[in-house]
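User: I should like to learn how to read the features of a protein model. Please take me through this one.

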Amino acid sequence: MYPESLKNLIESFKMLPGVGEKTAERMAFFLLNEDQERTNFFANSIVIAKEKIRKCSMCNGITDKVVCDLCSNELRNKKILCVVEDPKSIFLFERIGSYNGQYHVLDGLISPLDGINPEDIGIDKLLDRIYNESFDEIIFAFKPSIEGETTSLYIKRILDGLNIKVTRLASGVPIGADMEYVDRLTLERALND
């Protein structure tokens, strides 16, 4: 029905998360109606980002340099390390604007049921960094899940005996929540934290 090049464009948009057939068609037709300069900018942005974005050699976050701007910033607190599960988490914390320490990104979380073991998520690189730098505190900022808890406990066990404070993000009752609708596990966790 559609010309081959348009079908390919629609299929390409469908590869994006959350984009179905109709949305992909709307996006494709939108681009067809854009002027050539804007379309070229869009296409070049994809190609350039794919070519230039890499992992920071220190924190494992994403950057277009060897060492990202956060790791090379001398004004950041070098004594606190926030460990996250993916690079997107760094940008979330940075948007909040209240954390001024260092980051380290793992390559996911331990999940034996999915066949993801400690050696699969880059814990060795994290441990090398902890042993070679002098951190006073390590903060685990993982999602509150079985995988997050497993990963936190695994790393914490390895760090036992070092003179480093190990903490995690608090979790519990969200602001504005009606207490009668808070589940037992969330309430228990909020009390413990």
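The dialogue below goes from the whole chain to single residues.

Analyst: This is a predicted model, in which local features need pLDDT of at least 70 and side-chain atom pairs count only at pLDDT 80 or more, whereas totals for chains, interfaces and linings use all residues. Residues are numbered from 1 along each chain as its sequence is written, and side-chain values use heavy atoms, with hydrogens and water left out.

User: How many helices and strands are in the chain?

Analyst: Helices (H or I, at least four residues) and strands (E, at least two) are DSSP runs, numbered from the N terminus. The chain has eight helices and six strands, in the order α-α-α-β-β-α-β-α-β-α-β-α-β-α from the N terminus.

User: What radius of gyration does the chain have?

Analyst: The radius of gyration is taken over C-alpha atoms, and the globule rule is 2.2 Å times the number of residues to the power 0.38. A compact globule of 193 residues would come near 16 Å, but this chain has 21 Å. Along the principal axes, its C-alpha atoms fill a box of roughly 65 × 50 × 35 Å.

User: How does one judge the length of a helix, taking H3 as the case?

Analyst: The expected span is 1.5 Å times one less than the number of residues. Helix H3 (residues 36-52) has 17 residues and should therefore span 24 Å, which agrees with the 24 Å between its end C-alpha atoms. At the start of H3, a side-chain oxygen of Asp35 comes to within 3.2 Å of the backbone nitrogen of Glu37.

User: Which strands pair with S3?

Analyst: Two strands pair if DSSP finds at least two bridges between them. S3 (residues 80-84) pairs with S5 (residues 137-141) in the parallel sense over five bridges, and Leu81 stands opposite Ile138 in S5. S3 also runs parallel to S4 (residues 102-105), joined by four bridges, with Val84 opposite Val105 in S4.

User: How many residues of S3 are buried?

Analyst: Buried means under 20% relative accessible area, exposed over 50%, and partly exposed in between (1.4 Å probe, protein chains only). Four of the five residues of S3 are buried; over the chain, buried residues make up 29% of the 193 residues.

User: What is the phi of Asn60, and is Asn60 buried or exposed?

Analyst: Most residues other than glycine have a negative phi. Asn60, in the loop between strand S1 (54-55) and strand S2 (62-63), has a positive phi near 75°. Asn60 counts as buried because its relative accessibility is 9%.

Note on methods: A polar contact is a pair of N or O atoms within 3.5 Å; within protein, one must be able to donate a hydrogen and the other to accept it, and residues adjacent in sequence count only if both atoms are side-chain atoms.
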